[in-house]
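Here are my notes on the model, point by point. Have the sequence and the coordinates open as you read.

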Amino acid sequence: MVTFFGVPIQALMGQLLLGLINGASYAVLSLGLALIFGLLNIINFAHGAQYMMGAFVAWMLLTYAGINYWLALLVAPLVVGLFGVLIERLLLHRLYKLDHLYGLLLTFGLALIMEGLFRQAYGISGQSYDPPQMLQGGVNLGFMFLPLYRGWVVVVALAVCLAVWAGIEKTRLGALLRAATENPALVRAFGVNVPLLITGTYGFGAALAAFAGVLAAPLYSINPLMGSNIIIIVFAVVVIGGMGSILGSVLTGFGLGLVEGLTKVFYPEASSTVIFVIMAIVLLIKPAGLFGRAN
Amino acid sequence: MMWIAAIAALALAAPYAVYPIFLMKALCFGLFAVAFNLLLGYTGLLSFGHAAFFGFAAYVTGHAMKEWGVTPELGILAGVAVAAAMGLVFGLLAIRRLGIYFAMVTLALAQMVYFYCLQAPFTHGEDGIQAIPRGKLFGVLPLDDMYVLYYVVLAIFAIGVWIVWRAVHSPFGQVLHAIRENEPRAVSLGYKTERFKLAAFVLSASLAGLAGATKTLVFQLASLTDVNWHTSGEVVLMTLLGGMGTVLGPVAGAFVITTIENYLADIGAWVTIIQGIIFVLVVTLFRRGIIGEALAFVERRRRQ
């Protein structure tokens with residue numbers, strides 16, 4: 001058997017793939033967080049709950065309405081995105097004049113409510129969700145066995161990240177968004193409806209989180225706590241990458257997923273803490289984050 | 001001064017009217033919230049990871065008393081010392097980032113402590129450290145007597161709150177206040193604000209550790225719940241609800257939240273839901289908290 005530093009290459013590749021999949025979730029989630037933070041100056045603590053909701057809505061669509069995975073991939077982000085729009089209009093927009101910390105606290109409260117409601121309704125044992133027919137099974141690549149669904153998740157997450165990047169860097173709407181992030185008052189003076197832009201951004205960020213949730217649904221058991229478990233890691237990812245650049249957060253997300261996977265192979269005891277350790281080291285060496293600008 | 005005497009009298013008489021364990025739990029969380037508020041209310045730093053100090057000190061005290069058989073005062077001292085050392089490390093890392101990042105860094109570091117506690121053998125994982133003997137304080141005061149224990153907890157609480165009160169009403173506290181209002185200005189006046197923030201962080205972490213260590217004595221248990229991020233969120237909620245502009249506001253918040261938990265503990269996830277609703281209500285409607293709003297009300301009446 002081929003080995004790499006005493007580890008069978010099959011096992012190594014398997015863990016790397018798992019790491020890449022986790023990294024895909026980190027990337028999509030930190031992308032949404034960075035978008036929302038850029039325009040609203042709010043850290044969206046409910047991001048994890050919105051991720052969890054995405055997975056649950058997909059599961060509910062299948063269980064109660066027989067709507068399949070492909071449609072759920074569209075509908076669930078739409079539902080959660082609209083829910084986000086509602087939250088922004090009803091609650092968040094009251095807080096923009098206050099200290100940024102209040103936004104964090106409000107969304108933390110919302111996360112508790114959502115998590116609690118789903119726990120009340122479905123318990124914490126978790127629901128299972130089968131991958132769609134087309135993506136079941138896998139292919140043998142010679143050096144490893146690739147389950148099709150896992151490959152699909154990595155590819156589609158990467159595509160979404162690139163599409164969001166292109167949308168923000170290359171389109172007119174993206175240009176407005178960037179301008180409003182730099183100087184909202186000036187953009188507003190030019191006649192752009194900035195509050196609408198803000199509402200849309202929050203909704204879009206929530207929808208992205210839900211999209212990541214649907215992608216994750218067939219991989220893990222769908223459970224009310226899945227959101228809070230991942231969001232704290234994503235916070236560390238965001239601190240490591242810095243929220244200054246879109247591609248930076250995508251790169252950091254995937255990279256840290258891989259590092260986590262490698263740690264599982266070589267030193268499994270540290271796999272749950274390695275990202276936090278990296279965060280501490282980055283804080284010591286480059287406090288603004290790898291891709292961040294100093295204030 | 002009148003009302004301080006009234007509160008003291010009430011606190012001394014309370015265990016004869018209300019279940020002492022409940023009172024002690026509220027006092028421990030009250031001290032925890034007062035310690036936390038030294039950062040949020042008086043320095044303007046939102047730490048989302050204070051459960052790490054509270055919970056880890058609980059583990060250290062529990063381990064020292066059960067496995068090494070030390071007396072309660074040494075057990076508590078060990079817990080506080082470890083919490084202080086952790087506060088120093090966390091503080092050094094966290095104050096490198098400002099505002100919202102500060103909250104995320106503390107949360108992430110606390111989660112690291114949680115995962116460590118989940119795996120480390122001495123915490124006994126999901127079981128926690130159970131049946132910790134209370135022993136005799138200074139070798140004389142038998143803490144297994146509920147009333148003795150209550151007055152000891154009350155004394156620890158009073159000392160902790162007094163320390164925070166002294167710190168806030170000292171020149172040191174004035175500098176913290178200046179940092180909260182306008183840090184660049186404080187820097188331009190020649191203060192090394194990082195050192196002041198670090199000192200406040202270490203003090204806050206130590207007192208949070210004191211609260212956690214005391215909680216171990218009361219419940220004879222140290223468990224993963226104490227280091228979980230939910231506990232970090234709870235102490236934020238207590239402080240907000242009670243009023244972060246005052247020294248005693250967080251205590252009021254702690255009593256309210258502990259009472260809610262006491263009555264709703266049996267009906268599943270409702271505690272979480274109600275906590276979330278209180279968060280949303282306080283942040284959108286009354287940001288000064290219970291005590292803050294009450295003081296503002298009295299002030300308005302006085303002016304009329």
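1. A word on terms before anything else: a residue is called buried when its relative accessible area is under 20%, exposed when that value is over 50%, and partly exposed in between. Lys197(B), at a relative accessible area of 2%, is therefore buried. Keep in mind that this is a predicted model.

2. What does Lys197(B) pair with? Its side chain meets that of Glu183(B) in a salt bridge, with N to O at 3.1 Å. Lys197(B) sits in helix H9 (residues 193–219) of chain B and Glu183(B) in helix H8 (residues 183–188) of chain B, so to speak two distant parts of the chain, 14 residues apart, that the pair links.

3. Asp144(B) and Arg134(B) make another salt bridge, at 3.8 Å from N to O. Asp144(B) is in the loop between strand S2 (141–142) and helix H6 (146–168) of chain B, while Arg134(B) is in the loop between H5 and strand S1 (136–137), so the pair ties together parts that are 10 residues apart in sequence. Are the two ends buried or exposed? Asp144(B) is exposed at 53% relative accessibility, whereas Arg134(B) is buried at 8%.

4. Over in chain A, Glu169(A) forms a salt bridge with Arg178(A), and here the closest N and O atoms are 4.0 Å apart. Glu169(A) is partly exposed, at 34% relative accessibility, and Arg178(A) is partly exposed with a relative accessible area of 34%. Over all chains, the count comes to 9 salt bridges.

5. Now the interface. How many salt bridges are there between chain B and chain A? The count is 0. The rule does find 6 residue pairs in polar contact across this interface, both residues at pLDDT 80 or more. In contact terms, 40 residues of chain B touch 44 residues of chain A.

6. The area buried between chain B and chain A is about 3900 Å², and carbon and sulfur atoms give 79% of that. On the chain B side, Ile100(B), Met104(B) and Trp229(B) lose the most area to chain A, together 16% of what that side buries. Helices H5 (99–119), H11 (229–242) and H13 (270–284) of chain B each supply at least two residues of the side that touches chain A. H5(B) gives the most, with 13 residues. By class, that side has 26 nonpolar, 11 polar and 3 charged residues.

7. The largest nonpolar core has 208 residues, and those with the most contacts inside it are Leu105(A), Leu215(A), Ile275(A), Met279(A), Leu46(B) and Phe48(B). Helix H2 (residues 20–43) of chain B contributes the largest share of this core, 17 residues. Take Ile275(A): leaving aside neighbours within four places in sequence, its contacts include Tyr26(A), Ile233(A), Leu256(A) and Glu260(A).

8. Last, have a look at Glu261(B), which lies in helix H12 (residues 249–264) of chain B. At 13% relative accessibility, Glu261(B) counts as buried. Setting aside neighbours within four places in sequence, Glu261(B) is in contact with Lys25(B), Glu234(B), Val271(B) and Gln275(B). Which of these side chains makes a polar contact with the side chain of Glu261(B)? Gln275(B) does, at 3.1 Å.

Conventions: Residues are numbered from 1 along each chain as its sequence is written. Chains are lettered from A and ligands numbered from 1 in the order in which they are written. This is a predicted model: local features need pLDDT of at least 70, side-chain atom pairs count only at pLDDT 80 or more; totals for chains, interfaces and linings use all residues. Side-chain values use heavy atoms; hydrogens and water are left out. Contact means heavy atoms within 4.5 Å. Buried area is the accessible area (1.4 Å probe) that two parts lose on being put together, summed over both. A polar contact is a pair of N or O atoms within 3.5 Å; within protein, one must be able to donate a hydrogen and the other to accept it, and residues adjacent in sequence count only if both atoms are side-chain atoms. Helices (H or I, at least four residues) and strands (E, at least two) are DSSP runs, numbered from the N terminus. Ala, Val, Leu, Ile, Met, Phe, Trp, Tyr, Cys and Pro count as nonpolar, Asp, Glu, Lys and Arg as charged, and the others, Gly among them, as polar. Buried means under 20% relative accessible area, exposed over 50%, partly exposed in between (1.4 Å probe, protein chains only). A nonpolar core is a set of buried Ala, Val, Leu, Ile, Met, Phe, Trp, Tyr and Cys residues joined through side-chain atoms within 4.5 Å.
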